[in-house]
Amino acid sequence: MARDMSDIDILKMELEQLKKEVSTPREPVSKTSKDTMEWCEAASGTDLLITGVPDDKNPYKPEKGGCIIT
């Protein structure tokens, strides 16, 4: 796409993008990280990545048994 555009067109696109980004509301990382940590702690009881999938509901649980070579 950029190959078909002149340098001026590319610069105009970049300028439009920067104008959009400058109007984006910003918050300090200290506040957002605190909020994220609180949310994670609140959701940790139901998060399967933390609690794990129960064996009876895990479709990827390996089957018992297997081949024994003697």
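Reply: A salt bridge here is a side-chain nitrogen of Lys or Arg within 4 Å of a carboxyl oxygen of Asp or Glu. Side chains of opposite charge can pair when their charged atoms come close. The model is a predicted one, and side-chain atom pairs count only at pLDDT 80 or more. By this rule there are two salt bridges.

Take Asp35 to begin with. Asp35 pairs with Lys31, and the closest N and O atoms of this pair are 2.9 Å apart. Because the cut-off is 4 Å, a nitrogen and a carboxyl oxygen at such a separation qualify. Both residues belong to helix H2, which covers residues 29-43, and they are four residues apart, about one turn of the helix. The other bridge runs from Lys31 to Glu27, where the closest N and O atoms are 3.4 Å apart. Lys31 is a partner in this bridge and also in the one with Asp35. Through these shared partners, Glu27, Lys31 and Asp35 are joined into one network.

How accessible are the residues of the network? Asp35 has a relative accessible area of 36% and is partly exposed. Lys31 is partly exposed too, with a value of 40%. For Glu27 the relative accessible area is 49%, and this residue is likewise partly exposed. Buried would mean under 20% and exposed over 50%, so a value of 49% leaves Glu27 in the class between them.

The rest of the chain gives the setting. The protein contains three helices and zero strands, and the pattern along the sequence reads α-α-α. Its radius of gyration is 26 Å, well over the 11 Å that the globule rule gives for 70 residues, so the protein is more spread out than a compact globule. The C-alpha trace spans about 75 × 40 × 20 Å along its principal axes. Of the 70 residues, 0% are buried. The protein exposes about 7,200 Å², with carbon and sulfur atoms supplying 59% of that area.

As for charge, the protein carries 10 positive and 14 negative side chains. The centres of the two sets lie 2 Å apart. Against that background, the count of salt bridges stays at two, and they form the network of Glu27, Lys31 and Asp35.

Key. Residues numbered from 1 in each chain as written. Heavy atoms only, no water. Helix = DSSP H or I, 4+ residues; strand = E, 2+ residues; numbered from the N terminus. Rg over C-alpha atoms; globule rule 2.2 N^0.38 Å. Buried < 20%, exposed > 50% of the residue type's maximum accessible area, 1.4 Å probe, protein only. Areas by Shrake-Rupley, 256 points an atom, 1.4 Å probe, with all protein chains shown as cover. Lys, Arg positive; Asp, Glu negative; His and termini not counted. Charge placed at Lys NZ, Arg CZ, Asp CG, Glu CD.
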